[in-house]
Amino acid sequence: MANDQDTAKPSNRPIWSGSITIGLVNVPVKLYTMIRDQAFSFRFLHNEDGQPLKYERVCSRDNKVIDWKDTVKGYEIRKNEFIVFKKEELDAIRPESDQRIRLEKFISLLSIDPIYFEKSYVLVPDRSEEAYSLLMTVIQQEGKAGMGKITLRTKEYPVIVYEYKGALVLTTLRYANEVTNPGDLEELTKLKKPQKNELELAEKIIKELTGEFDITEYRDGYREKMEKLIEMKMKGEVVVAQVPKKEEVKELMVALQETIKQLAK
């Protein structure tokens, strides 16, 4: 189980407010970001004076700098051939943002293929504690997730709503046409069956390494090294770059046997 110090701090402000609707039932809620990207972000600087670079919109034909008011949106149908859209044309087909999470059916939470999960948010009651608690409790008891749709900004997402750690959580899903079927990759259709002795060794390795899911066992090594590097540079210390050694690539049977030996130590 993750400790408090291992989890990201909750957001202070909701990014959306509206209602969960099931038929004629409305449960007013607020939506808070649940996933915090902890990746480092760099800015490009001029290497001579260390000043941040700025970007301009430059016409590729005459190299003139273009003001925002002189831009339009285009969709490339063939190389360097575009269809141009007016703002009102795009506005007319945008999905309605009617501030509702419309749950259309309830499905078994365990039946959902996690490959479709995209991003999760926490739903908090918006002066609707009684109805919120009822919905959360019944969803938890039945082991179900409500499935429906939400519009965030200008995009409509399929979503599931389910109970997680005493809260209702909304997770946006990817559409079917956004996920590749691995079976369509030619390389995977030509896989050979493993040799019996190789399979037996691989099974031993899996058994030796079998454990419980605990995400806190995994640390962001790159982030920790970056934090240390920043601290060293702020102190004016000299940093010597070390190139990691490449690991020797071994024949499969040899690698399996040596792994078994390492696990036995």
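**View A. T171 and its two polar partners.** The side chain of T171 makes a polar contact with the side chain of S120 at 2.7 Å, and another with the side chain of Y162 at 2.8 Å. A polar contact here is a pair of N or O atoms within 3.5 Å; within protein, one must be able to donate a hydrogen and the other to accept it, and residues adjacent in sequence count only if both atoms are side-chain atoms. Bear in mind that this is a predicted model, where local features need pLDDT of at least 70, side-chain atom pairs count only at pLDDT 80 or more, and totals for chains, interfaces and linings use all residues. Residues are numbered from 1 along each chain as its sequence is written, and side-chain values use heavy atoms, with hydrogens and water left out.

View B. T171 sits in strand β9; strands (E, at least two residues) and helices (H or I, at least four) are DSSP runs numbered from the N terminus. T171 is buried, at 1% relative accessible area (buried means under 20%, exposed over 50%, partly exposed in between, with a 1.4 Å probe and protein chains only). Setting aside neighbours within four places in sequence, T171 is in contact with residues including F117, K119, P158 and I160 (contact means heavy atoms within 4.5 Å).

**View C. The β7-β8 pair.** Strands β7 (residues 144-152) and β8 (residues 155-164) pair in the antiparallel sense over 7 bridges; pairing takes at least two DSSP bridges between two strands. Look for T151, whose bridge partner in β8 is E156.

**View D. The barrel.** Here 7 strands close up in the order β1-β2-β6-β9-β8-β7-β5, with mixed pairing.
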